[in-house]
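Reader: Could you walk me through the ligand site in this one?

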Amino acid sequence: MKNIVVLISGRGSNFVSIAESAKRENWLDEGIQISCVISNRPGAAGLDRAREMGIHAEVVDHKLFDTREAFEDAMMQIIDRYDPAVIVLAGFMRVLTNHFVERYPGKILNIHPALLPLFKGLDTHARAIAAGVRVHGCTVHFVSPELDAGAIIGQAVVPVLPSDDPDKLAHRGLKLEHVLYPRAVHAVATGSVKLVDGRTEMDDETALSLTLFDAAA
Ligand code: GRF
């Protein structure tokens, strides 16, 4: 069985979109299952959604640990029970150190709410509006030790409109996150997308399925 472990910190809408795709598309028939959700915040709404869907959910509260490494060790203890094929960061708001990242090479994915390499870090929507860009979007990438800098897997593009505020723009982008992220997770789980020597490898058809454009506002 190819296990997927999802790390969250909050509402977990990306986790839910992945879990719903897994169900709708019968990933289980391909030997792929979402085995566990871990939140670093006890109150994360995504934990309830996981439990409602019958997915094992755990909390590793970062506040209970003195160092990032000790917090990561506690997560790794849970994660390693599943020997996961993919570890999905879905709104997980802790920076992971090399200690964690180097243990799972080519297996950790993140979704970032901007078209990388533009707008790494936080407040991406406000910064995109301030910069006056006409397009914005989201990026799924492999996680590397440097923040928001790992090899890109897929991107989705949305327009930026003169009447936008950060919330409107975030909402437009999030709709595409929910399409792109399940596809990317599935593609890595099946092996049609791989990290090789720091670059993403896939065929043209897979690349097209991981490139989305939404001109609708
Ligand atoms: C998304 O905008 C994602 O791009 C960013 O954090 C947000 C998570 O939302 N990394 P959710 O918890 O999946 O609803």
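Here is a short chat about the ligand and its surroundings.

Author: Quick ground rules: this is a predicted model, where local features need pLDDT of at least 70, side-chain atom pairs count only at pLDDT 80 or more, and totals for chains, interfaces and linings use all residues. Residues are numbered from 1 along each chain as its sequence is written, and side-chain values use heavy atoms, with hydrogens and water left out.

Reader: Where does the ligand lie relative to domain 1 (1-104) and domain 2 (110-217)?

Author: The bounds come from an automatic or database domain assignment. Both domains give residues to the shell around the ligand, so the ligand lies between domain 1 and domain 2.

Reader: How many residues does each domain put into the contact?

Author: The chain is divided into domain 1 (1-104) and domain 2 (110-217). Counting contact as heavy atoms within 4.5 Å, domain 1 gives 20 residues and domain 2 gives 17 residues.

Reader: Which residue has a backbone N or O atom 3.0 Å from a nitrogen atom of the ligand?

Author: Polar contacts here are pairs of N or O atoms within 3.5 Å. On the side-chain side, Arg11 has an N or O atom 2.5 Å from a ligand oxygen, and a polar side-chain atom of Ser13 also lies 2.5 Å from a ligand oxygen. The backbone atom 3.0 Å from a ligand nitrogen belongs to Ile111.

Key:
Polar contact = N/O pair within 3.5 Å; in protein donor to acceptor, adjacent residues only side chain to side chain.
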